[in-house]
Amino acid sequence: MLTNIREKFQQYPQDMQQWMIEQEKTKLSRIEQALIKGQLLYDSMDSENRGKWLQETIQLLEQYLTRLPHRNCPLEDVSPDYILQVWETLASDATLRELISQVETRYEELLKI
């Protein structure tokens, strides 16, 4: 199944491959930005004003990002191979796929705050 993702990816034209990689990098960067923004917001609030939704959202984003393959550079600089590893990880881990569906609905909301 893992090779299947790479094989399918190679079937797309080069410009489409690049677009798909950039889209995934953008999504991951936005999730990372939402996490940072959420943590800053949470830390700046009085303890009685900290909402459960914000705390749960931060935890979901952290959990998702920590389960992705390890990287040693900013998301903007990751290789296409790293993005393929992310897709392979998502394809092979059902709980991570469930987690990303929750993350995708929450990180956009957090960025709007």
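The accessible surface of the protein comes to about 7,000 Å², and carbon and sulfur atoms hold 50% of it. Please note that what we are viewing is a predicted model.

Let me begin with the overall picture. The protein has 113 residues, of which 37% are buried. Its C-alpha atoms occupy a box of roughly 55 × 25 × 25 Å along the principal axes. The secondary structure consists of five helices and zero strands, so that the order from the N terminus reads α-α-α-α-α. As for how the chain meets itself, among contacts with a separation of 6 or more, 72% join residues 24 or more positions apart.

I now turn to one pair of helices. Two packed helices are described by the angle between their axes and by the distance between those axes. Helix α2 covers residues 14–44 and helix α3 covers residues 52–67. Their axes lie 9 Å apart, and the packing angle is about 140 degrees. Angles over 145 degrees would count as roughly antiparallel; α2 and α3 are therefore oblique to each other. The crossing of α2 past α3 is left-handed.

Which residues in α2 and α3 meet? On the α2 side they are Leu28, Ile31, Glu32, Ala34, Leu35, Gly38, Gln39, Leu41 and Tyr42. On the α3 side they are Leu54, Gln55, Ile58, Leu61, Glu62, Tyr64 and Leu65. Sorted by class, this contact of α2 with α3 comprises eleven nonpolar, three polar and two charged residues.

Terms used:
Residues are numbered from 1 along each chain as its sequence is written. This is a predicted model: local features need pLDDT of at least 70, side-chain atom pairs count only at pLDDT 80 or more; totals for chains, interfaces and linings use all residues. Side-chain values use heavy atoms; hydrogens and water are left out. Axes are lines fitted to C-alpha atoms, for helices over the stretch in contact, and angles run from 0 to 180 degrees between N-to-C directions. Helices (H or I, at least four residues) and strands (E, at least two) are DSSP runs, numbered from the N terminus. Angles under 35 degrees count as roughly parallel, over 145 as roughly antiparallel, 65 to 115 as roughly perpendicular and the rest as oblique. A crossing is left-handed if the near helix is turned anticlockwise from the far one by less than a right angle, and right-handed if clockwise. Contact means heavy atoms within 4.5 Å. Ala, Val, Leu, Ile, Met, Phe, Trp, Tyr, Cys and Pro count as nonpolar, Asp, Glu, Lys and Arg as charged, and the others, Gly among them, as polar. Buried means under 20% relative accessible area, exposed over 50%, partly exposed in between (1.4 Å probe, protein chains only). Accessible areas come from the Shrake-Rupley method with a 1.4 Å probe; for residues, only the protein chains shown count as cover.
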